Amino acid sequence: MIDRLNHPDYDRWASQIRATGGCRQPIHLRGKVDHYDQATGQLLHRYTTRTEPDGILRVPCKTRRASRCPACAETYRADTYQLIRAGLVGGKGVPETVSAHPCLFVTLTAPSFGAVHVRREKNGKVLPCHARRNADTCPHGQVMSCTARHSADDSRLGEPLCPDCYDYEGSVLFNAISPELWRRFTEALRRRFAKLSGLTLKTLREQAVISFAKVAEYQRRGLVHFHGVIRLDGPDGPTSPPPAWATADALADAIQHAATVVTAEVKPLARTFRWGEQLDIRRITLDGELTEQAVAAYIAKYATKAAECVGTLDRRIQSLDDLDALPIRPHARRLIDACMRLGALEDLADLRLIQWAHMLGFRGHFSTKSRRYSTTLGALRAAREEHMRAENITTGRLPLFKEDTVLVIAHWEYAGQGLTLGDQILAAALTGTQLGAPNDL
Ligand SMILES: [Zn+2]
Ligand SMILES: [Zn+2]
Ligand SMILES: [Zn+2]
């Protein structure tokens, strides 16, 4: 820390750190950017990291995972919020008229893989977990009943009544197959909606488009479920109104049907998976119970979370040997163990369960959207980078060139990641961010 503070290039280092926005694990880049006059070939300007502190440029890691880098995850969360919101009320290039299109908020859940401890409330009262008068005793001697009224922070929540009866394999296979199940759901939804409307898929496309944005959320039992915004547009997407016959009720009927009928198979094990029975479909309105802000905030929040909320890890697991040493609860350990065992089977290689064991088998994207939903994260990032470029020009760091007369040749290489302990403390002070947990340091 003292070295850094006393170094002559401290000011430049501090401005690099400020530019990363408090990133906890910035990427180090080494390289140069040359600007040539396209007509004469003359070198107009050269930027090189050779003159930068430590000979590198630090750029944000851009992770979406709050547990790894709160600052970058916050950027991702804010972008996701804007993206979802634009699809509901307009903005960022989406017309405001989109708010009049029928739009539903849908939650698709995972099925049961065994009874788990739950907290249920009714009229503000917590109900007993699994109260059964003549409960069966399982083959492992466990009475399948729990009369506890669990508190919200009870660590047993989401854990099986009998771990030996719990279908750990089914649980991780469902996570692994769930992106395919979602894909089939969207297909079935389009087909069903066309059928209800008396159209073929092709003629439906000429009149209406179904757009969606979704996010995956881990439940405490270690299974993913999906929250999605599903919207009806005219044939040109959000800029065109849907036909009058394309109503929210018809869309809800089609969702109900599609969610019930789709299945996805893990053929080598002859297992078939479908959505759980709990299906929630709600209308998104500007002034009703479920507002567009609530939906956008909800989806954005889950986009930065991962399986760490079930008490497992957010990094890849290298081998089974590591497993016993990990600071995780037995339920998570058994889920990871199921991934490692099934992942070793050649027939299941394409599920890549070992690589995704730390995600309990789920390897899908956390938030995805159809092409026409709204703007893209890339467009939001490009707008921000353009803004930063403009700042660099006005502060004299980049000369102002006419775009079409200048040839830009950039060469970058990866030179590492992270901050030293001393740099972390200084960076936290400079950017007003929190230091990582002690084991990160
Ligand atoms: Zn970061
Ligand atoms: Zn219980
Ligand atoms: Zn049992």
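**Conventions.** I number residues from 1 along each chain as its sequence is written, and ligands from 1 in the order in which they are written. For this predicted model, local features need pLDDT of at least 70 and side-chain atom pairs count only at pLDDT 80 or more, and side-chain values use heavy atoms, without hydrogens and water.

**Zinc ion (ligand 1).** I looked up the donors, meaning N, O and S atoms within 2.8 Å of the metal (3.2 Å for Na, K and Ca). I found the SG atoms of Cys23, Cys61, Cys69 and Cys72 at 2.2 to 2.3 Å. Along the chain these donors follow the spacing C-x37-C-x7-C-x2-C. Cys23 lies in the loop between α2 (10-19) and β1 (27-37), and Cys61, 38 residues apart from it, in the loop between β3 (57-59) and α3 (70-89). I noted both Cys23 and Cys61 as buried (under 20% relative accessible area, 1.4 Å probe, protein chains only).

I then checked the geometry. The angles subtended by the four donor atoms are 105 to 114°, so the arrangement around ligand 1 is tetrahedral (four donors, all angles between 85 and 135 degrees).

I placed Cys129 and Cys146, 17 residues apart, in the loop between β6 (125-127) and α4 (168-196). Cys129 and Cys146 are buried.

Terms used. Tetrahedral: all angles 85-135°; square planar, octahedral: opposite > 155°, others 65-115°. Helix = DSSP H or I, 4+ residues; strand = E, 2+ residues; numbered from the N terminus. Buried < 20%, exposed > 50% of the residue type's maximum accessible area, 1.4 Å probe, protein only.
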